[in-house]
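Keep the sequence and the model side by side.

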Amino acid sequence: PATLELANWQAGELLWTPPDPEAAPTRPKSLTRMREAMASSPGLVAALFIGGMEGLYEEAKCFHDCHPDAPMFALGSTGSAAARLLEQGWGPLDPERFLGRSVDRETLATLETYPLVFERIFADLGLAGR
């Protein structure tokens, strides 16, 4: 029910991921398919990674594979996988890859005033004031 409420949320859109007809419908395969669909959505200009568990790494890889030059930000102050992305990177993705162009590590690692963090990220993306 909580997920379906998002379908009526004005700032977002709920996209259904159809099952892969050639694969057994397992949860890991379904999640991978969902992440690939999410990362390959047209019009994405950046990725923001918040909190998360192991799946966040797969999401980072999917986004990077689809948008290799797009900025990626790891909000390390939320802890968990996002903090590890910011501190250590993951696989071929260096930790510097999760800083965007001009947002510094300290801002992403410690600042918990999220409107200010997002303001800095939007400025980094050239989207300030929108």
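Which residues does Ala70 touch, not counting residues up to four places away in sequence? They are Val45, Phe63 and Arg97. Contact here means heavy atoms within 4.5 Å. Ala70 sits in the loop between H3 and E2. Ala70 counts as buried because its relative accessibility is 12%. The cut-offs are under 20% relative accessible area for buried, over 50% for exposed, and partly exposed in between (1.4 Å probe, protein chains only).

A word on the model. It is predicted: local features need pLDDT of at least 70, side-chain atom pairs count only at pLDDT 80 or more, and totals for chains, interfaces and linings use all residues. Residues are numbered from 1 along each chain as its sequence is written, and side-chain values use heavy atoms, with hydrogens and water left out.

Now the overall plan. The protein has 6 helices and 2 strands. Their order along the sequence is α-α-β-α-β-α-α-α. Helices (H or I, at least four residues) and strands (E, at least two) are DSSP runs, numbered from the N terminus. Of the 130 residues, 32% count as buried. Among contacts between residues at least 6 apart in sequence, 58% join residues at least 24 apart. The protein exposes about 8,600 Å², and carbon and sulfur atoms supply 56% of that area. Accessible areas come from the Shrake-Rupley method with a 1.4 Å probe; for residues, only the protein chains shown count as cover.

Next, the interior. In soluble globular proteins, nonpolar side chains tend to be buried together. The largest nonpolar core here holds 25 residues. Such a core is a set of buried Ala, Val, Leu, Ile, Met, Phe, Trp, Tyr and Cys residues joined through side-chain atoms within 4.5 Å. Phe49, Met72, Leu85, Phe98, Leu108 and Ile121 touch the most other members. At least two residues come from each of E1 (47-50), H3 (55-66), E2 (72-75), H4 (80-88) and H6 (114-124). H3 gives the most, with 5 residues. Leu85 touches Phe49, Leu56, Tyr57, Ala60, Ala74, Trp90, Pro95 and Phe98, leaving aside residues up to four places away in sequence.

Turn to H6. Its buried residues are Val117, Ile121 and Asp124. They lie on the same side of H6 because they cover an arc of only 55° around the axis. That arc is taken from the directions from the helix axis to the C-beta atoms. The buried residues of H6 pack against E1, E2 and helix H5 (105-110). Exposed Pro115 and Glu119 are on the face turned away from the buried side. Gly126 follows H6, with a positive phi near 75°.

Last, the rings. The whole structure contains 2 aromatic pairs. Rings of Phe, Tyr and Trp (its six-membered ring) pair if their centres lie within 6.5 Å; planes under 30 degrees apart count as stacked, over 60 as edge-to-face and the rest as tilted. Phe49 and Phe98 are edge-to-face, 6.0 Å centre to centre with 75° between the planes. Phe49 lies in E1 and Phe98 in the loop between H4 and H5, so this pair ties together parts 49 residues apart in sequence. Phe98 is buried at 0% relative accessibility. Tyr57 and Trp90 are stacked, because their ring centres are 5.6 Å apart and their planes at 15°.
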